[in-house]
Amino acid sequence: MRASTDLLVVGAGPAGMAAATLAAELGLVVEIVDDSITPGGQVYRTAPPGLPARDSSPDSRKGDALRRALAGTGARFHGATRIWFAAPGFTVAGVGPQGPVTWSPRAILAASGTTERVMPVPGVTLPGVVGLAGATILLKTHQALPGTRTVVAGAGPLLIAVAAGIIKGGGSVAAIVDHASRGDWLSRLPALLSRTDLLRQGMDWLRLIRRARVPYFRRHGVRRVHGEDAVTAVEIAPVDADGAMRADAAGRRVDCDALAIGHGLVPATELTRLLGAAHDYDQSAGGWIPRLGADQQTSVEGLFAAGDGTGISGADAAVLEGRLAALDAARHLGRLGEAAFEQRARTLRRDLARARRFGAAMGSLMALRDGLAAQVTPDTVVCRCEDITRAEIDEAAAAGVRTLNQLKSAIRCGMGPCQGRMCGEAAATLIAGASGSDRKAVGQWTARAPIRPVQLADLVATYDYDDIPKPPPAPA
């Protein structure tokens, strides 16, 4: 199937839903695409058909409001549809329930969200280890617990959210292991006070955690995951301000059957990179992000971006960025005049600046700490798809590898089905440390199709010999 449209929105999280809704209200023909069956994204996920709805929460109510608004427009939602190819011009290809589809949009909005970052530790590949973002999918979508007794470890507000979600779901949290100190959290208080509703939600989660008597280890990290065929315990130890294990401190063993661990979020920029947009490195924003104009347009005319894929700033900022991008797309496509655009954009920009202050404060807690690389031992697997250890990455760096693309060519790191999304940040950090360069100099993987893995059978029809056109025989 081929389809032409004014605006193709890739990603149906907060930014994508808000953008598609407003763009359709402004008279654009809008198509919105997402891997998930229903709109919502990571933050506003819903239970799939057949499972009972979760209890109402501030997040679920916000998500439901965005879904209702989207459903009330002419925007067409393509759920369970995976975008795998994009080319300048624009051509975008996906695979969904009805088979392959190709769009030729006049403009594109990338609202692709993030990928979680996990700096590996010994034992991280054991069954029972899951990322913090992965744990939220289990809790929100599948209403399942990571384990019966879970250690929640890493950095940022997801620690508290996941721990509270496990307790609400009837599970047990063995410990919370937080890289941040109490002072790190208190230093963000001025920004937190700008959003008293979200601060109140966080305090409610903390009260729930305290009532459950969960041990909370601040300025600690995971040193090792123990077990043979599954997680049986986690060894934790104090860390310094950079996240490095303190050599003078003893470790502590925490018995558990699951570990939910995460070290922040990384903007998902595969689509904007594949379409040729310029990108810059900003560690505080999560890493590589597309270079944007004042109103969410990238360096490629007609390509817009919004949400955490442009820098970690949270769901509320994503909604405002999505709406601002929709206004700019409508202006770009001639559906909104300059005066009307400026009148509506002015309020959005003001509200967005406020929302970004809060989001940036939370994002800074998740920023990669330089000392985390030291916890990766030589025999720790960094690239799971290709079974590449730190020792192999260090050997490649010693042989002259200086960039991610060189590493891929040298030892196949990043060549597997995840295409480096899970190992890329860890591998880049290790190369930078081993070669004495910085993370920016190590660069990114070159974006290539498929953006996400797809099955060849989904892209081609079934043929037999008689279906092949045969030219007439040559003259005798």
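Colleague: How many bridges join strand 10 to strand 11?
Modeller: Bear in mind that this is a predicted model. In it, 3 bridges join strand 10 to strand 11 (residues 216-218), and the two run parallel.

Colleague: Which residue stands opposite D178 there?
Modeller: R218 in strand 11 stands opposite D178.

Colleague: And strand 9, parallel or antiparallel to strand 10?
Modeller: Parallel: strand 9 (residues 149-154) pairs with strand 10 over 6 bridges. V151 is opposite A175 of strand 10.

Colleague: What unit do strand 9, helix 4 and strand 10 make?
Modeller: A right-handed β-α-β unit, with helix 4 covering residues 158-168.

Colleague: Changing topic. In what order do the strands of the open sheet come?
Modeller: The order is 12-13-14, 3 strands with antiparallel pairing. Strand 12 (220-226) and strand 14 (252-255) are the edge strands, each pairing on one side only. On average, neighbouring strands of this sheet are turned by 30° against each other, direction ignored.

Colleague: How many bridges between strand 12 and strand 13?
Modeller: There are 6 bridges joining strand 12 to strand 13 (residues 233-238), and these strands run antiparallel.

Colleague: Which residue of strand 13 is opposite H226?
Modeller: A233 stands opposite H226.

Note on methods: Residues are numbered from 1 along each chain as its sequence is written. This is a predicted model: local features need pLDDT of at least 70, side-chain atom pairs count only at pLDDT 80 or more; totals for chains, interfaces and linings use all residues. Side-chain values use heavy atoms; hydrogens and water are left out. Two strands pair if DSSP finds at least two bridges between them. Helices (H or I, at least four residues) and strands (E, at least two) are DSSP runs, numbered from the N terminus. A crossover is right-handed if, with the strands pointing away from the viewer, the path from the first strand over the helix to the second runs clockwise. Axes are lines fitted to C-alpha atoms, for helices over the stretch in contact, and angles run from 0 to 180 degrees between N-to-C directions.
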